[in-house]
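Student: Could you go through this structure with me, step by step?
Tutor: Gladly, here it is.

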Amino acid sequence: MSTLTALAQLEAIASGRAQPVATVRHCHLSETPLVMIPLKLAGEAAAPLATMLGTDRNAPTLLVVPQPRNRDLRFGYAAELAKAVVEHVEAERGATETLEPSKDGEERFRYERAPQIIVPNRGSVGFLRLLGRSTRFRSTEGPWAVDPAVPMLGRWLTWFADRNDRPGSSVLLTLTETLRLHWATGQSSLEDGNLAALMGWIDPPEGMDGPSAAARAEDPVVSPPAGPATDPTFDNEVLAPAIAAFDESGGEPRAEERIRAAVASQLIPTWDLAWRALDLLRALPEGASVPKRWERDRDSFTYFHREFAESPPQAKLDDAVRAARRLHDLERSQESYEAQRAFDDPLVMAEQRLAGQAFGGMVTESEPTRLDESGKRPKLRPYVRIRTEDPVRLDEGATVVNAARPGLKGRVVEIDGQDVLLELTGGMGRKQTPEPGVVPEPGQRVVFTSRTADSWGASKFPEREDTPWTHGGPPAEYEPADEDATEVWS
Amino acid sequence: MSGSPGSSPDVLEERIAELRAAVRRAAAGGDREAARSLRTELRRAEQAWDEAVLGGDPVMDSPTPAQARRDVGGVARGLVPVREQVHQALTLLGVPAAPKLIGAVHGAFFPGEIPATRLTSLRRDEERSFRSAPYARPYYLCAALTADLLAPARGLLTVSTWPLRQRIVGPLSARVDFLTAAIRVAERAKGTDTGRDAGVQRLLWRFAATIPGATGGTVGTDGAVEPAVVAEAARAELAVHRDADGRDRAAAARRAADALDDASLLFGGGLRVLPRRTATGDGPGAGLGTGDNTTTGAGESPGDTTNRRRR
Amino acid sequence: MSRDDDHTATDLSHLRGGETARNHDARTIAALTANPGCARRGVMDAAAVDKDAVARHLGFGAPFGQSQFAITRGNAFEAQVKADGCAELLALLRDGLGLDIPEVAYDDLESVGTESREVRHTRTRHLMARALESGEGTMFDHPLLRLDIAGQRAYLEPDVIAFQLGGRFHVVEVKSFAVVDGQAEPEQVAAAARQSAVYVLALRELVADLGHDPERVSHEVFLVCPENFSNRPTATPVDVRPQLAVVRRQLARLTRAEDIARDMPDGLTFALDDALPEAVRSVEARYAPECMSSCEMALFCRDEARACGATGTLGRSVRDELGGVDSVVTALDLARGVREPSEDMAETAEQLRVAARLRHEALAAAPAPAVPARDAAAPLVGVPAHGAGVLERTA
């Protein structure tokens, strides 16, 4: 939350429409994302009720568990879902690029593409994560054998959910969070968690404004929740009688059909909204650093996919080294993601300017060929004076980079009222005179920031086998256990 | 207004959607009357849709498996009345028991199922019968009494012909009765050689899982629980609690016999007749028997108090 | 717990306008602590007004319904854990805490043959007194406790077990949310911990009232939840000291009901009649989005706050960013520089003006995205792979 976003929200209230808080799209959008809307049975940790999914908005697939408490029906559903997800994963691989070998000469590959799953909200991610946990350890042989696709589904869902933890990753996106990254509404974050209400502010139906569309969206009878929980009155008045009739009939097809119809009625409005939300996001130009972050997603996908056959299912809990590395990675991703977004998007950079960590204004003086001759060899050190109205909170000597060309580095020499004098230190070429057009000229508008991308180096962590005794020593290797295969899923 | 069989599916669908919305709004708004009548209308419309779209009345066409099962159950229930079934199970157990355990025991050892819905009203029916014609039946299914207040214990059933002390529950009795039940079920399984039946195994597991030593290291190669081991483990723990529990029950039984009339002895006397406690002198409980708060209780249906909603 | 409380209780009961009093439970008490500065909630709760009925009458019924699937699941799990004298719970406590074999006593404090709360509370006191003196008893199910709320006596009917171990009592609460690999949903654990803290506090009051050290009620409570995806229970100890401190402080800070009542207009009642909207509006509310999860009046108050353009409807963090400016119009006027800020708002005003300038600059430079036409989102016409007829029927 910042004053800029708060202001955007006030403007949203005043205008009755959501207001932009980004000028470019900060996430990757695949051409054929797999949209998934999972529903679960209320009161249960991971009892799936239904999922509507597909890559074609005109042809959703509806998977339903007519009696969510029945183990066989549930595993049957899991197997069907698995086929859909694995099919998508395989279809979205594309060709394999061979990269330069790594420093230690290892071969490196990267798939050209990667799968992408779109879900409505945070709750859906939590549910997919639990679904992953409850299926990835299932055994495909022995007395409790399940369809081989079931544990595969578990491992893939776990991978998607883990990637979702990483700032800037786009393989599993939640619509509410992604939309909120680009628009501010006249309601609180709590209400924005309702996809229909959020979309009501951003894209109200004909003849409605944001508040009236959001109010309509809060009536669960006309606007079913986006899941994973269904509305209690739907459960009590529609679903429960339908499930009871299914039980009573001994699993009769038409009783199942009635449940499917009831569940579909709760999913279709969200399905349509999800695709409409994707339209809106797609209409935004992609941020400059989005492909670079998507490359990281493709790397992770390539690695996971290539190692899939050889690897055990992901551990229930991370061991010490893995947990430390993961935390470090997440923090680093967060840092660079925020920095990259600011460079991509002047509206995000405005946050830094408001905080005084960056400033923008008009160049008033420029000495492009100034040399610093205090050392043995003269160094190219142009001076640029900038007039700014921003509340600069930088110390003299602070290092800054140009927002439009992060390669151009400088140092704050003095700040005098609204005038900032910079000495440029790098990014102008190797000669004693700068490359043409690099040093800003009087009359030009520029923005410099003190926050740079990728400011952290990678840290070293011990190998798994070398976990120090203070952290419990090396963890045991994974052994498939009967306990995992038989774990009740009720 | 209800969907007549002649209406077109489109009209019916619209009608169903409208009714569903109306029912949900009525339920959310707390208007139970409206919700109930709307529900009836909705069911009618849904049925009409079924007939119009899916064709035919499935109930008429052919009996579904569940219905077939129910018919079998009906026959079994026809042979043995519910109170008889409960009596059978309680006699096997020999201790006050909750409906769930009674149902499980009956299901494991006797033919037919006890319909759960019938159990909730059973105690009330028995009390009514006793009060209108005392001792007209050879036995009544009645309440267990709490040792301190001689009030009906929630959710427990007993048999009127049992000695009074067997029908009283003190603080240790729940455990003692659980262990006793485990022993009797295990003995029965051994005696009738039904220990491997699925229903009996489930029941034995339920006991064994929470009795120390009842499963440990003794589980057979097929994962089955051994009745003899369950019985032995239960006896070992029972020995720890039995004497203290017996003293509590005997003392309470003496008090009850002195203080309660016949109906109260069977179905719970409530507080009106609670004698002054001597053990704790004028502790807070002592005032209960004479205070103003004690006018209720005797006639109150114990079944009502178990009907609690979750908050 | 002096006699005066009863006196006040009569004083405030007229506020209900003849409607029946609502009972408190730990959820409602924990909810009280969520927004202690709200006078409207304060007076309605103190007078035990049925806020749900009031909100409905106003046309803003709270969406707090529960799915029967969740209710059934919760009841079934609790019944299972407590079945047969808490056999499963006993096994957990023996395994986890080394509870001795003889410690099996189970008292159901609800079994008094009457619904009277006074009788049930007296029985709770009686058995607790005996347990505190003699150490007798291990599990006490459904204690009926009492707590003073804003000078009002509230009865609490927790679905918990007070569990005695080595002379100390622990609250055991059965919850049906799953603990998967040792972790549960943080919000659910937090809510359970808050509720348990209320029970610990009420039990401590009882223990102190019986002349014993309140610390004999432990701050460590046990949550009994299903493990992973099974029905098997697992017990997790939770230290509720932080929640205890919050609840205690907030309860102490709650404006005393009689003080609120003193400032009320004469003849005020919340009777469900035509004058209700006016009566409710005459008592000031302090709406925040958090109210939605804890107060039945939330939708009404939100509507009211939105109608008068309060920035609080956007959430506390937004309000903080706006330096406490609580009107949308004022904040926008300051940002546009069309209103002269008061001295204490000068800094906020400056921040808003800069923000407005920066937003304008950034948006002016960016091309407006072409919003796709709505017909791009074609209606569902295709035949889905599954349940074709179904989709057509309900689309």
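Student: What share of the contacts in chain C with a separation of 6 or more comes from residues 24 or more positions apart?
Tutor: Those residues account for 64% of such contacts, where a contact means that two C-beta atoms, placed from the backbone, lie within 7 Å. Please keep in mind that this is a predicted model, in which local features need pLDDT of at least 70, side-chain atom pairs count only at pLDDT 80 or more, and totals for chains, interfaces and linings use all residues. Residues are numbered from 1 along each chain as its sequence is written, while chains are lettered from A and ligands numbered from 1 in the order in which they are written.

Student: And how many helices and strands does chain C have?
Tutor: Chain C has 15 helices and eight strands, which are DSSP runs numbered from the N terminus (helices are H or I with at least four residues, strands E with at least two).

Student: OK, switching to where chains A and C touch: how many residues take part?
Tutor: The contact takes 62 residues from chain A and 60 residues from chain C. On the side of chain A, α10(A) gives the most, with 11 residues.

Student: Now α2 and α4 of chain A, at what angle do they pack?
Tutor: Helix α2(A), residues 71-91, packs against helix α4(A), residues 149-164, at about 60°, with the axes 8 Å apart; axes are lines fitted to C-alpha atoms over the stretch in contact, and angles run from 0 to 180 degrees between N-to-C directions. That makes α2(A) oblique to α4(A), the word for angles that are not under 35 degrees (roughly parallel), over 145 (roughly antiparallel) or 65 to 115 (roughly perpendicular).

Student: Which residues meet there?
Tutor: Among them, F75(A) and L81(A) in α2(A) meet residues of α4(A) including W156(A).
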